[in-house]
Amino acid sequence: MSEPTRRDSRFDLPPLGSDPSSGGEGTTPGSFANPTDVGGPRAYSSPDTPGMPEPSRKTAWDFLPPSWRLEDGRCVPPQGFEPITQLEHARLGRITPEMRRAAEGEPHLSAEQIRDEVAVGRMVITANRVHLEHRLQPICIGRAARTKVNANMGASPVSSGTAAEVEKLRWAERWGADTAMDLSTGGDLDATREAVIASSRIPIGTVPIYSMIIGRRIEDLDERAILDGIEHQAKQGVDYMTVHAGVLREHLPLARRRLIGIVSRGGSLLAKWMLHHGKQNPMYTLWDDICEIMRRYDVTFSIGDGLRPGGLADATDDAQLAELETLGELTERAWRHGVQVMVEGPGHIPFDQIEYNMKLERKLCHGAPFYVLGPLVTDIFPGYDHITSCIGATAAAYHGASMLCYVTPKEHLGLPKKDDVKQGCVAYKIAAHAADVALGIAGTRDLDDELTKARAALNWQKHFELAFDSDLARAYHDEDLDVDTDFCAMCGHDWCAVRISKEIGESHQLAGKTRREMGSDQGHKANCHSDYADAEEAQHLQEEATEESHASTDS
Ligand code: SF4
């Protein structure tokens, strides 16, 4: 764990959290988040704005199966008990191969810390035992880990098919998605799911109610179809499932005066079922049976938020919060069955209400990882909702979300295609990374620092290599000036602040440090710097570029 790096300052700075940079480079005083508390309820957390709910004092240890007992601080299951889920192994103090592999992706955490976080329910390892026999590389999701990103995909009745969905999955993996959800509602759902699971290195989530109503009306859905549908997908290797068990009959009147009612597909379907039959949500009444199926395959719950708001006007309303309270109860019951739990969250939330939403979940669901959909912070930019939601997602991750479900530019408008998947992934990798740096997770700023050094040295090749999207960065640079020189087309030679800063000399501490590191303090060019043009040639290049640009404008 890295320690706060307070430097002498004339200014009255807030208390500091941990340092996200391994090298302690640069001049920043460090993270303004809370000090690291891995093993405690705050893990990596933002300082609470006044009025925010405190973390719950309870954890998954308070919700052991009734037949288990605690003896001398050790967990004792009934005789002959065989652990299946990661939660059960963790409760028994065992470190599984999946915990070790998850630790490889979290250099700031040990396998022991991951086990302990899984045991308290604040972390999950979404790894179905069947999927582990394929190519799955286990990851952990929780507030002590780096923030994860999910990419939604899936064929609709009007667009796409199995091959296109597998291609989208590969694209999502290429652009950094940590998990993917197959939300197909059209085509051959079974074949698509099977192909996606067989091809994926990342965990796969589904919403099983979608396949349950293929070929039948929602009103005809019965208990047998629900349990069989869930078991079928668990057997196929689905790693986590969204089950909308928290939408209760008594919550429905609370949504009546909303501007946009119920916007979750699963939530609206189950509301229709409840109104038709005059009965409670069958996912809720079958919860214990569903838990038993999930346990057998170690499928993690992603308990669905069927009453999430669909617009700013309905955010943080009684319907949404009443359901969240029920999600807390369902979390406790799943933990009693030894099942791992994530909880899904909104949706569309004004920026000022995001912190409260994250911290209320932390309280009501005892720190179970929160998996949020955006949230969008404004409703008037269709076509740009990867941006409106990425702003909310950054705040959500800073204030407590563990996984961010991406939103693509197609949100509200159509089925995302391959390039939309890329846009959504990139936007959400930005959100997750920005939050991790702000939270002071050790080592998360290292690449930023390397890129800053390359930028300061005007080392374009290194700059491109370190960029998340190297090809795009290179293409933008080369668009106006495809030579490697001491400035770019943004300001030109005479106005390039970085070039001038390099010239200023040893009096500039950062430039001096960078020069030393790059080997340029001996009076010659940085040894990492690959510019081929000398000063005169550089000015000549600029004049040429300027003339060309004028010529193309005139024509
Ligand atoms: S020309 Fe301007 S944008 Fe380009 S490297 Fe120099 S300071 Fe940066």
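**Group meeting: a walk through the predicted model**

H366 sits in the loop between α12 and β11, and its phi is near 55°, a positive value in a residue other than glycine.

H366 follows helix α12, so let me take that helix next. Helix α12 covers residues 354-364, and eight of its 11 residues are buried, so the helix is largely enclosed by the rest of the structure. Which residues of α12 are buried? They are I354, E355, N357, M358, K359, L360, E361 and R362. What do they pack against? The buried residues of α12 pack against α11 (318-336), β10 (341-345), β11 (370-373) and α13 (385-399).

The loops around here hold two cis peptide bonds. One runs from P346 to G347, with omega near 0°, and G347 is in the loop between β10 and α12. The other runs from G374 to P375, again with omega near 0°, and P375 is in the loop between β11 and α13.

Another histidine has a positive phi. H412 is at about 75° and is not a glycine either. H412 lies in the loop between β12 (403-405) and α14. Is H412 buried or exposed? With 12 C-beta neighbours inside 10 Å, H412 counts as exposed.

Now the overall picture. The protein has 555 residues, of which 47% count as buried, and the fold contains 20 helices and 12 strands. Among contacts between residues at least 6 apart in sequence, 71% join residues at least 24 apart.

The largest nonpolar core has 120 residues, and V341, M342, L404 and Y428 touch the most other members. Helix α14, residues 418-439, supplies the largest share of this core, with nine residues. For M342, leaving out residues up to four places away in sequence, the contacts are V124, I141, Y240, T300, F301, S302, A368, P369, Y371 and M403.

Next, strand β6, residues 179-182. T179 and M181 point one way, A180 and D182 point the other way, and all are buried. On one pairing, β6 runs parallel to β5 (residues 148-153), joined by four bridges, with A151 opposite A180. The chain gets from β5 to β6 through helix α4 (residues 162-174), and this β-α-β crossover is right-handed. β6 also runs parallel to β7 (residues 204-206), joined by three bridges, with A180 opposite I204. Here β6, helix α5 (residues 189-199) and β7 form a right-handed β-α-β unit.

F468 is partly exposed, with 15 other C-beta atoms within 10 Å. Not counting residues up to four places away in sequence, F468 touches V426 and K429. F468 and G176 are 292 residues apart in sequence and 9.6 Å apart in space, C-alpha to C-alpha.

Last, the ligand. Which residues are around the ligand? They are F487, C488, M490, C491, C496, A497, V498 and R499. By class, this shell divides into seven nonpolar residues, no polar ones and one charged.

How values were computed
Residues are numbered from 1 along each chain as its sequence is written. This is a predicted model: local features need pLDDT of at least 70, side-chain atom pairs count only at pLDDT 80 or more; totals for chains, interfaces and linings use all residues. A residue is near a molecule or strand if its C-beta atom, placed from the backbone, lies within 6 Å of it. Ala, Val, Leu, Ile, Met, Phe, Trp, Tyr, Cys and Pro count as nonpolar, Asp, Glu, Lys and Arg as charged, and the others, Gly among them, as polar. A residue is buried if 20 or more other C-beta atoms lie within 10 Å of its own, exposed if 12 or fewer, and partly exposed in between; C-beta atoms are placed from the backbone. Two residues are in contact if their C-beta atoms, placed from the backbone, lie within 7 Å. A nonpolar core is a set of buried Ala, Val, Leu, Ile, Met, Phe, Trp, Tyr and Cys residues joined through C-beta atoms within 7 Å. Two strands pair if DSSP finds at least two bridges between them. A crossover is right-handed if, with the strands pointing away from the viewer, the path from the first strand over the helix to the second runs clockwise.
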